Amino acid sequence: MQEVVFDLEFIIGHYNYWLFVILMMTGLYITVSRGNLIKKVVGLNLFQTSVFMLYISMGKIEGGTAPILTGDPNTVYSNPVPHVLILTAIVVGIATTALALALVVRIREEFGTIEEDELTEIEEKLEFAEQGDDAIPVSGEASVNKRESGGK
Amino acid sequence: MDHHSILRVVSKLLIPPIIVYALYVQWHGDYGPGGGFQAGVIFAVAFILYGLVFGVEAMTDVLPTSFIRVAMSLGVLIYAGTGLYALLAGYNFLDYEAIGHGGHHAQEWGILIVELGVGITVASVMIGIFVAFASRTPKLKDEDW
Amino acid sequence: MIDLITKNLPALQVVIPLMAAPICAIFNRGRLAWTIAFIVAIVSFAISAALLSQTLDGGVISYHLGGWAPPIGIEYRVDVLNAFVLLIVSGIAVVTLPYAVKSVAQEIPQEKQGFFYTALLLCLTGLLGVTITGDAFNVFVFLEISSLSTYALVATGAERNRRALTAAYNYLIMGTVGATFFVIGLGLLYMATGTLNMVDLAHQITLRGDSRMLHMGFAFVLVGIGLKLAMFPLHLWLPNAYTFAPSAVSVFISATSTKVAVYVLLRFMFGIFGFDYAYQQSTLQYVLLPLALLAMFAASLVAVFQTDLKRMLAYSSIAQVGYMLLGTAFMTQTGVMATVIHLFNHAVTKATLFMVAGAFVYSVGSSKISDLKGLGRAMPWTSAAFVVGGLSLIGIPLTVGFVSKWYLVQAALELGWWPIAAAIVLSSLIAVAYVWRIVETLYLHSPSPDSKAKEAPLAMIIPMWVLAAATVYFGTHAALTSAAASRAASTLISASNIIWQ
Amino acid sequence: MMTGISLAAVINVLLFTFLVMTAIAIVRVRHLFAVAMLSGVFSLLSAGLFVALDAVDVAFTEAAVGAGISTVLMLGTMALTVTREKSTKRSPVLPIFVCLVTGAALVYSTLDMPAFGTAQAPIHEHVAPDYIARTPEEIGVPNIVTGILASYRGYDTLGETTVIFTAAVAVVLLLGSFSRKKQKRTGKE
Amino acid sequence: MIAIDGSTGILLAIGIPLIVTLFIAAFSRMPNLRDASSVIAAVLTFLVVLDLLGMVNAGQTPSVSLFEVMPGLVISFSIEPLGMIFALVASGLWIPAAIYSIGYMRAENERHLTRFNICYALAISAAIGIAFSANLFTLFIFYEVLTVSTYPLVAHKQTDEARRGARTYLAILMSTSILFLLTAIIWTWSATGTLDFQPGGFIAGHVDPALVPVLLALFAFGIGKAALMPFHRWLPSAMVAPTPVSALLHAVAVVKAGVFTMLKVGVYVFGVDYLSQTDASQWLVWLASASILIASIIALTKDDLKARLAYSTVSQLSYITLGMAMATQMGIIGGTMHIVTHAIGKITLFMCAGAIYVATHKKKVSELDGLGREMPFTFIAFTIASISIIGLPPFAGAWSKMYLMLGAANSGQLALIGVLLVSSLLNIAYLMPIVARGFFAPSPVAAHSLGAAAADDGKRWREAPFLCVLPLCLTALLCILLVFEIGPLYEFLLHIPILPEVPTP
């Protein structure tokens with residue numbers, strides 16, 4: 001492990017990475033802290049995109065060009081491997097997003113809300129109903145509300 | 001939807017160039033940026049635009065869902081089938097050397113074929129996902145936006 | 001032709017299910033899709049058996065996809081360890097599919113069954129792909145195939161209980177965060193070494209030596225995989241996902257996906273890292289070991305208080321993952337062997353038990369424990385299978401659970417870690433509590449008078465008993481599995497650069 | 001050479017400022033329509049950054065996917081659900097803690113990273129040069145990324161195609177079959 | 001008799017009770033056939049065991065190995081004198097127990113008799129498996145099988161009380177066996193690399209002498225079936241079971257399997273000689289003594305007849321543990337002999353308690369006034385068995401206690417003789433009042449009884465059904481007859497090895 005010296009050169013060479021970290025953590029924060037299911041997905045996208053940036057920035061070579069052959073033997077090309085990996089990762093990302101959003105649509109249909117707090121509340125009620133021996137099948141927002149008012 | 005007539009005209013004008021561009025990106029991927037994935041997305045965008053403006057039903061009349069289903073499967077099969085062809089020809093899986101005369105020629109053809117598979121799958125999957133979402137009855141009115 | 005097949009076995013292992021999936025989707029017919037899936041599962045099983053027999057003597061099969069030699073190209077690398085895991089995954093698929101016919105017919109609407117089996121095949125593809133590959137990034141791609149299809153499969157449980165949707169959503173969020181952590185870890189590794197091939201990674205790591213990137217890469221991979229395998233504080237997605245998934249899905253994923261994740265962890269920890277013994281040892285012993293112990297106790301205790309059989313089994317799975325991690329944390333030949341053998345043993349046991357739970361759901365319409373009263377009489381075969389699986393979960397001799405426990409305790413004693421050995425046996429006592437609650441409910445209560453429960457159909461009973469019989473057979477003839485596990489452990493160890501204790 | 005560095009630095013800093021602003025806006029804005037748009041903006045900005053980093057293919061894809069498809073999907077989802085986010089009662093302490101720990105770990109790992117843009121990093125010395133050198137000889141396509149993507153690491157791309165296919169299968173399983181006639185609420189009674 | 005060789009004999013002895021479970025299941029709708037098959041199996045098993053005894057007496061060591069469970073861990077059986085005695089007790093007493101079960105369970109109109117009979121047979125099979133085990137691993141397996149198979153028997157009545165009792169039963173037996181016994185076994189395995197029983201033990205030299213008492217403690221507490229205090233609670237709580245089950249637990253299989261394992265571990269794992277050299281079992285001597293006295297005192301306080309007998313068992317079992325812990329040859333012989341005498345005595349007592357319950361539905365000692373005159377066979381048998389348990393000559397129990405005292409004298413611990421004497425006095429104190437009440441106390445006035453309708457001819461109670469009374473008379477007779485077999489038994493037990501087989505040159 002090398003000794004880290006915080007001189008200006010080091011900071012110029014590394015601040016990019018730190019900025020990516022900030023973006024990443026913003027995304028992660030949205031995912032973990034927000035209660036709205038769509039917002040969580042947005043956060044996840046942000047998180048992943050920032051990771052992609054980190055990858056791509058590794059591949060950059062100062063003075064290099066895009067890795068498309070020019071025919072000139074003196075050309076310096078940036079590293080193409082991270083690009084390939086990230087292309088794949090982007091595709092995986094959109095696939096996940098599509099699936100997540102489809103789930104959000106279904107959750108809204110079945111529970112009437114896409115806020116995590118309200119969902120937890122409904123689920124706790126369901127759990128309670130399931131535990132009782134004479135569980136009444138509860139379905140949709142309406143019946144949950146009915147139980148709520150009936151419980152008072 | 002009468003108040004959207006400008007939108008309808010503009011999109012009708014836009015869709016053909018988008019498709020042409022998609023095809024360009026598909027075949028030009030070897031030389032510049034682009035390839036099956038990007039082309040597939042652009043191709044899908046043309047149809048999604050059509051679906052957004054003219055309704056999903058109009059779109060699925062042009063592109064039946066059963067066709068989408070077969071197409072998205074076919075794309076994967078084209079890709080994997082290329083690999084399997086190489087395997088059956090006595091090479092390793094996905095070794096393009098098995099195609100044509102070998103060398104650059106084989107690689108170029110191989111890439112072309114698999115990119116086509118990617119393009120078909122991506123385009124049909126994107127359209128399919130759009131259809132799946134759009135087929136659900138929207139609960140919002142225009143003024144809610 | 002035969003020659004062609006034997007030469008390409010590693011590729012075929014993954015490609016056959018991969019290609020079968022779109023074929024199922026084209027036809028989109030439930031019955032046909034099932035038939036294709038079942039045939040594919042059998043073929044996969046045969047291939048993995050062949051691979052295991054080829055590698056059992058310690059050999060390594062390297063297959064270059066696209067004909068490109070690693071590290072330029074992607075390599076499939078089969079040794080006895082992943083051949084063993086492949087066998088578990090495909091074997092479970094073979095028994096799950098016949099079981100699925102009836103329960104899927106009941107739980108999934110007809111028009112969705114074609115895609116359901118497509119998703120199941122994709123899940124199988126993903127798990128096999130993760131296991132067989134020798135390329136770190138390829139692990140991620142196939143992990144996502146299996147994860148995405150699993151999310152969807154769990155969500156199909158919404159036909160029975162809508163809570164499957166939120167379960168799937170939470171699983172998706174945590175799974176994706178895990179996958180992203182894994183990608184970050186890979187990125188750091190790649191940055192430090194410039195390669196993605198596992199063997200080359202290990203080589204480059206020794207060549208280039210220690211760095212903070214490697215340390216953190218290790219940490220991020222650990223957390224990412226930890227999320228996928230439901231390592232203790234990262235397990236929150238698992239109970240609901242297993243509880244609300246359709247029965248057949250619970251059976252399949254409970255027996256395979258966490259096992260594959262544990263395998264990946266083993267591979268990364270011992271096959272790739274191993275650059276810095278002290279760092280690795282401290283991570284394992286001060287992070288993984290306490291977490292494993294915590295999982296064994298906390299999750300087992302939570303399991304005792306569950307009111308639903310499937311959820312109880314889910315918590316028990318978390319506890320059992322604790323056992324596997326514990327074996328890993330020992331960092332000894334016996335410890336790793338205990339982990340590997342427990343992969344198999346727990347897969348067989350848990351699949352039996354989830355099949356039992358599914359049979360109850362099929363016949364009674366519920367897996368609530370209070371609805372199972374007195375079913376020992378009405379459903380004798382299902383209930384007896386539960387007893388067999390339950391005894392194995394506790395670790396009673398003549399069942400596979402005992403074999404795992406034996407090696408685990410032995411590994412602890414070899415190191416002289418007395419308290420850990422005590423903890424292992426103590427935590428298995430908690431299993432007595434939750435297993436026996438069910439046994440008592442099944443056999444020592446009078447059935448409710450209006451219960452019309454009948455024994456589950458043969459299509460469910462037979463796979464269930466195949467697994468129950470395997471639980472007993474491999475519990476009494478553990479030489480087979482322990483030889484494979486022992487060989488796998490020593491292969492892993494000899495391939496790593498760690499100085500072993 | 002010096003001007004190159006500074007120009008890249010300037011572009012980077014500008015893009016970063018916008019990216020961070022967009023990210024913070026996403027955290028704070030509650031109107032989901034705006035959030036979806038901002039997320040599209042974020043993708044476009046990152047695509048710009050990718051171009052600056054020589055990753056033209058990635059930029060192209062990110063623009064098409066992030067700013068295009070995912071925005072459409074988000075809007076579609078909102079049309080089917082809600083457009084405003086409600087405030088959550090949960091304490092932000094744990095999320096902040098998780099993010100800080102993760103961020104600290106990442107920053108710690110960057111300390112050993114080769115400086116941005118240096119050609120002496122391990123990743124530029126091992127394997128990658130082989131790709132650049134061998135692509136013209138073995139593959140014969142000018143776009144090295146395509147060469148790696150579709151040939152050297154073509155198997156990953158097969159996996160990627162399968163992932164996309166899986167997503168479609170999953171969405172269809174969740175949202176019902178494609179055909180509209182069968183569209184019925186399949187909710188539990 | 002058909003000539004069989006040793007290995008077939010062993011497999012038959014374990015296998016007959018196993019196979020008969022199939023018949024029982026098949027005859028579940030034909031009660032007579034079902035119950036008869038139990039009795040026939042019992043007789044057959046006993047005959048096979050007798051045959052094996054003949055072989056052992058002829059100097060053979062019948063043995064058989066089945067299969068390897070894990071590398072190095074084989075399921076195998078081999079007969080030595082100690083195991084032979086236990087197998088004889090278990091299979092021999094199964095005959096009266098099986099007959100008695102028929103009488104009792106039918107008189108009580110119990111349900112689920114198929115399950116009852118199957119589990120009973122499984123328990124016997126497991127007990128014989130334990131007796132013949134050639135290594136700790138095999139023994140442990142059958143030990144656990146015994147626990148699991150007796151659990152449904154304890155919970156047989158399916159009432160809340162029965163379930164609770166059964167839960168305690170299972171919890172204690174299973175947790176001690178997994179927590180301590182299994183740990184001890186794995187420790188032994190990792191220290192010595194073997195689990196095979198060897199004459200004179202195989203621990204010596206492999207385990208740090210300072211840790212030997214710890215290992216012994218793991219074994220002693222791990223063998224929960226020996227009901228050593230403080231892990232004895234399961235025995236009284238198992239009293240909720242029907243009486244034939246109590247007989248099985250206390251006399252035939254379960255507790256005897258426990259103390260047998262204790263002796264076996266002492267003789268064949270540690271080695272008597274090694275134990276006496278290292279004094280590793282000294283603490284166990286005192287614990288067992290305390291167990292004897294405390295349990296006897298608790299027995300005194302119990303008014304419930306079965307509970308009193310249960311605590312009596314706890315106390316008597318510790319005699320056997322004590323015999324092992326003394327680490328002398330006489331102690332081992334006395335302990336083994338006590339397995340036999342206590343089994344016969346206790347099964348009689350329990351069958352009497354059950355007969356009384358069947359005839360009168362009385363459970364408490366204080367309710368037994370005058371019953372002896374109305375149920376003479378039952379009470380005479382009870383008296384004989386009590387005297388045998390107390391250890392008064394001339395009945396069999398006297399001899400085992402005598403050898404135990406000799407053992408105490410040999411080991412130089414005279415205090416132990418005092419313990420044994422005091423406990424005998426306590427035995428008298430808790431057993432004799434029952435006899436006295438039965439025969440001498442005046443019958444309660446008819447008006448005090450709720451079931452007063454039958455008071456016409458002055459004889460309000462009758463003996464229990466024939467199938468209940470017959471077995472208890474038989475075992476009582478055995479208490480007397482055994483006196484004449486003490487000599488040969490002693491000769492036989494002298495073969496139990498005390499020293500390692502290969503003496504150091």
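This is a predicted model: local features need pLDDT of at least 70, side-chain atom pairs count only at pLDDT 80 or more; totals for chains, interfaces and linings use all residues.
At a relative accessibility of 30%, does D:Arg30 count as buried, partly exposed or exposed, and what is its class called? D:Arg30 counts as partly exposed, because its relative accessibility is 30%, a value that lies between the cut-offs of under 20% for buried and over 50% for exposed.

**View 1. A salt bridge in chain D joins D:Arg30 and D:Glu85.** The side chains of these two residues, D:Arg30 and D:Glu85, meet at 3.8 Å, taken from N to O. The pair links distant parts of the chain, since D:Arg30 lies in the loop between α1 (2-28) and α2 (32-52) of chain D, while D:Glu85 lies in the loop between α3 (56-80) and α4 (93-110) of chain D, 55 residues apart. The two partners are classed by their accessibility as follows: D:Arg30 is partly exposed at 30%, whereas D:Glu85 is buried at 5%. Side chains of opposite charge can pair when their charged atoms come close.

**View 2. A network of salt bridges links A:Lys39, D:Arg30 and D:Glu85.** The residues named here come from chain A and chain D, and it is between chains A and D that the most contacts are found among the seven pairs of chains that touch.

**View 3. Within helix α6 of chain D, D:Arg134 pairs with D:Glu138.** The side chains of D:Arg134 and D:Glu138 form a salt bridge with a distance of 3.0 Å from N to O. Because the two residues are four residues apart in helix α6 (residues 128-139) of chain D, about one helical turn separates them. D:Arg134 is partly exposed, with a relative accessible area of 26%, and D:Glu138 also counts as partly exposed, at 24% relative accessibility.

**View 4. In chain E, a salt bridge forms between E:Asp35 and E:Arg34.** Their side chains meet at 3.2 Å, N to O. E:Asp35 is buried, with a relative accessible area of 5%, and E:Arg34 likewise counts as buried at 5% relative accessibility.

**View 5. Some chains of the structure do not touch, as with chain E and chains A and B.** Chain A and chain E have their nearest C-alpha atoms 19 Å apart, while for chain B and chain E the nearest C-alpha atoms are 40 Å apart. Over all chains, a search of the whole structure finds 22 salt bridges, including the one between D:Arg30 and D:Glu85.

Notes
Residues are numbered from 1 along each chain as its sequence is written. Chains are lettered from A and ligands numbered from 1 in the order in which they are written. Side-chain values use heavy atoms; hydrogens and water are left out. A salt bridge is a side-chain nitrogen of Lys or Arg within 4 Å of a carboxyl oxygen of Asp or Glu. Buried means under 20% relative accessible area, exposed over 50%, partly exposed in between (1.4 Å probe, protein chains only). Contact means heavy atoms within 4.5 Å.
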